[in-house]
Structure formats: C-alpha cells, structure tokens
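Please read each point with the structure open beside you.

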Amino acid sequence: MLSFALRRFAAALTAVLLLVAAAAFGVPEGTAALGRAAAGLPVTLALVGGALALGLTLGAPLGLAAGWLGEGAATVGAAVPGFLAAALVAVALGTRVPALAALALAVPVLGEAARIGRAGVAAVDRQGFTLAARGRGVPVREAFLRHTLPAALAPLAGALGSLAAATVASGAAAEALFGLPGTGSMLVQAARAGDAAGTAAAAALLAGLVLLLRALGAVLRGGLDPRARLE
Amino acid sequence: MERTRFDMATESPWRIARHRFAHHRGAMQGLALLMAVVLGDALVPPLRGIVGDESVADALQAGHATLAFAVAAALGGVLLGGVWGWLAALFGGPIGRALMRAAAGLAALPLALLPVVAAGLGGGGPLPFDAAVLLALVPGAALATHGIAVEAGRHGFVAAAQAAGLGRYEVWRRHTLPNVLGPLLVALWPALPRAVLVLSLGAFLGVGGAGTWGAQIGAAKTLAALLPPALLLAATLAALHAIGHGIEAAFAVERP
C-alpha cells in the first residue's frame, strides 16, 4: 500500500513540477507571476477543500442510505453547477461571506457524491460478497461496515479527482464573485486583462492542486479496495 | 401493448432501444423540457409586449445562442476525440498507449477553465474562446471512444465475420458499426451538457460567449435579472442529463 501511495504521489508531483516549470520559464515574467499566484493558494485550498469536505460528508450518506432522496440530490447536483449556485447565493443574499461560497460550491459535489454512493451500494449488492459474509454468520452491522461500506465508498474516493476539477473551476468563479483573494480569482483577472504570465501561473497552480487531489483520491481508493491498486 | 421477451428477441436492437427510450419517463420529461426551452423563443415577441421586464424574453432568446454554440462545440469535440480514440485503438501497442495516456493526462486537468486560460494567453477575441470550449471536450471523448473501439474488436461476431471471408470494410460496415453506435451514443452524450457547462462558465466569467445564459448570469445584479437565465440553464442541464439516463436505459448500459 505504501509503495502504491508513493508511486501515485510521485507521478502527481512530477506532473505538478512540469506544469509549474512551464509557467515559470515558458512565459516572460513567469517566475514573479507564479509567486503572486502562489500567495492565493491557501484561500483557494480552503474554499475547495471546504466545499469538497462538506459535499462528500453530506452526499455520501445520502446516497448510501436514501434511494429517492439520493436520486433527487443527484439531479439537483447535475442541474446546478457550482458557479450558478454561487451566483444565486451572492445575488439572493446580497452578502459576500466566504463560508457561503463554500456552501454553494458543495451543492454539485453533494449531488454527485449521492449518485456515486448510491451506484456503489447497488454494485456491491450485485457482487454478492456481503451476502457470502452473511452466509458465514457475520452479523448485519459488521458485514455492512467491513464489506459493503469500503467497497461502496471506493468509487467515491476514485471520483475525488473529477470532483476536485469541477470544484476548482467553479471555485475560480466563486472567488471572483465573492471578492476572495485566491488563485482562481487571479486567473480570472489575468485572463480578462490579457496577462499571459498571470494566466499561465494561476492555471498551472490550479491544475497542480487538482492533480494532487486526484492522487489523494486514488490512494484512498486503493486503501478501501485492494483491486484498485492493480489498475 | 406490453412486449414479450419473444417480441424483443425478434426485433432489431435499434427498435428495442427506441421502445425503451420512449418508455423512460425521465427521458420523455427531459425531452419535453428541452423542447419547451428551444421553442420558448417563439414566445419572445408577445412576452416583450406583455411583461415590462425584458429579462425573461432576453433569457429565452439567449437559449438559442447557448444551445447552438454548445451543440456545435459538442459535435466538434466528439468528432476530434472520436478520431483520437479510434486511432489509438487502431494502432494499439506503444503508440495507442501513448495516445491514451496523453488523453487521460489531459482529462485529469480542470478543463472547464480552458476557455479562460485561452482568453488570457490568446489575447482575447472570440476565436481562442470558441476553440477552447471545443478542445475541452476532446480528451473525454477520446477516452470514451477508445474504450468502445477496443471492446468492439473483442466481439466474437467480428472474428466470425472475418473467418467467413468478409472484407475489412464489410466487417466494419455490417457488424462493427451497428454494434458500437449505441454504446458510442451513450458514452458521448455527456459531451453536450458538458459543452453547455464549459461555455456558461467562460461566459459567466466574461471572457467570451456574449449573448448566452452564462453572460446574462454574470451580468445580473438583481434576482429578477438572474433568475430567468439561471432557471433556464438549470432546466436545460437537468433535461440533458435525464435524456442521457434514457439513452443509457435504451441501450441497457449501467453507469459506473
């Protein structure tokens, strides 16, 4: 497991370093722009991390436990992208509280987590190993916690990368809308101003953040489901 | 009249798929919702006369621009991605693996921000933005097409047709193509809602896509101005996802 985790993070770090080097040396004044963009990373990380944590914490149990409620949440999540939720919150409430931005960004994450959690339980049910455990006399609660839950949560961990990519993209819009000094809002400002160095630097850091979260998701998935380590 | 298993066995796969799609309630509701959004444009002239506020009429009109752009981008992205994935499957070996590793690496990035990056690096103008919306869809389409193309080559009936002496083109036209069209439709349909999403995000951030829902949402300062385009965008995304579920059900494909 440790070597699998190290391999995944090493591959992600290599890609991040390549992206950062391209942004620093491929564009004039790239190094200075990279420093400015890096200063906003903690804000972006807090916003994206908060939205992902909130969405996954609420969405996964919803998908695992409730059939129609999980399907409803998945529909709302697909129909309301993060930037739309952020715009609705900002205009309807007329405030720019950062926690509200994270709350808005959590809406599509919650929906997707509910959908994947629901599909995960259905897939585990079809495979029959929980039934086999019950047949060997394992109590219901233990069979659920030891067999159903890890296998159902593994696809959710695997989806962390795509959820992070969507949240980072919507997060850039939310930062610009709420006036947060993050890397995403710097990307938007640089793009509007035609600042190539600022755009490349912010885009490289945001892409790097997504790649690291994707690696984290892959490692978590490998921990929950050993079959994933063979892929 | 309900169809028996015997009826289903004697009908063509496409007729069965059409029957399943037509009986998928969510897909039919989605289709009706999408038609309402598209045809809502006809209500614009009377609406302008009845309602003092122009935002509803403007949002209905922006629907055409949004959907036309998204359909064009999705078709372009699917075509380019399809060629990429198909070539990777055709070559196989190290070249095929390298092509798919590149597609997977690109698909891992937050590609929804590509139009924003293109606007920043390309110095504005509609061309970099439009091209970036299309290109953001290509890696996903390449991965989807490659999986289906590889799977199609493993079918026993393809080997049987080759063994029967059919030429390569005939095998492809008569056996491979009819059997991959359904799964391809299922795998590539998400490119359309994704195109709407990528376009709307870029337009929302003010780097392109003028006259679309995203631009209207980005410019809205009041709830009355925000709600019409926001609701139409949400309804369209919900409708496209529901139609996607219907297509999956029609071809009996389980989602991961």
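**Notes on the two chains**

1. In helix α11 of chain B, E170(B) and R174(B) sit 4 residues apart, which is about one turn of the helix; helices here are DSSP runs of H or I with at least four residues, strands are runs of E with at least two, and both are numbered from the N terminus. The two side chains form a salt bridge whose closest N and O atoms are 3.4 Å apart, a salt bridge being a side-chain nitrogen of Lys or Arg within 4 Å of a carboxyl oxygen of Asp or Glu.

2. On the basis of the model: it is predicted, so local features need pLDDT of at least 70 and side-chain atom pairs count only at pLDDT 80 or more, whereas totals for chains, interfaces and linings use all residues. Residues are numbered from 1 along each chain as its sequence is written, chains are lettered from A and ligands numbered from 1 in the order in which they are written, and side-chain values use heavy atoms, with hydrogens and water left out.

3. E170(B) also meets R173(B) in a salt bridge, at 3.4 Å from N to O, and these two residues, 3 apart in helix α11 (residues 168-188) of chain B, are separated by about one helical turn. How far is each member of the network exposed? E170(B) counts as partly exposed because its relative accessibility is 24%, and R173(B) is likewise partly exposed at 39%, as is R174(B) at 45%; the classes are buried under 20% relative accessible area, exposed over 50% and partly exposed in between, with a 1.4 Å probe and protein chains only.

4. In chain A, the side chains of R115(A) and E112(A) meet in a salt bridge of 3.0 Å, N to O. Both residues belong to helix α6 of chain A and lie 3 residues apart, about one turn of the helix. R115(A) is classed as buried because its relative accessible area is 18%, while E112(A), with 29%, is partly exposed. Over all chains the count comes to 4 salt bridges by this rule.

5. What joins the two chains? Between chain A and chain B there are 0 salt bridges and 1 residue pair in polar contact, both residues being at pLDDT 80 or more; a polar contact is a pair of N or O atoms within 3.5 Å, where within protein one must be able to donate a hydrogen and the other to accept it, and where residues adjacent in sequence count only if both atoms are side-chain atoms. The elements that give two or more residues to the side of chain A that touches chain B are α4 (67-79), α5 (82-93), α6 (98-127), α9 (160-178), α10 (183-193) and α11 (196-224) of chain A. The largest share of that side, 9 residues, comes from α11(A).

6. Taken by residue, 35 residues of chain A are in contact with 34 residues of chain B, contact meaning heavy atoms within 4.5 Å. The area buried between the chains is about 2700 Å², of which carbon and sulfur atoms give 78%; buried area is the accessible area (1.4 Å probe) that two parts lose on being put together, summed over both. F83(A), L84(A) and V91(A) supply 19% of the area that chain A buries against chain B, more than any other three residues.

7. Chain B as a whole comes to 14 helices and 0 strands, and its C-alpha atoms fill a box of roughly 70 × 55 × 30 Å, taken along the principal axes. Buried residues make up 42% of the 256 residues in chain B. Among contacts in chain B between residues at least 6 apart in sequence, 69% join residues at least 24 apart.

8. On the surface of chain B, M28(B), L31(B), M35(B), V38(B) and L39(B) form a nonpolar patch with about 400 Å² of accessible area together. L39(B) has its place in helix α3 (residues 25-39) of chain B and is exposed, with a relative accessible area of 56%. Patches are made of residues with over 30% relative accessible area and no salt bridge, like charges being joined within 9 Å and nonpolar side chains (Val, Leu, Ile, Met, Phe, Trp, Tyr) within 5 Å; accessible areas come from the Shrake-Rupley method with a 1.4 Å probe, and for residues only the protein chains shown count as cover.
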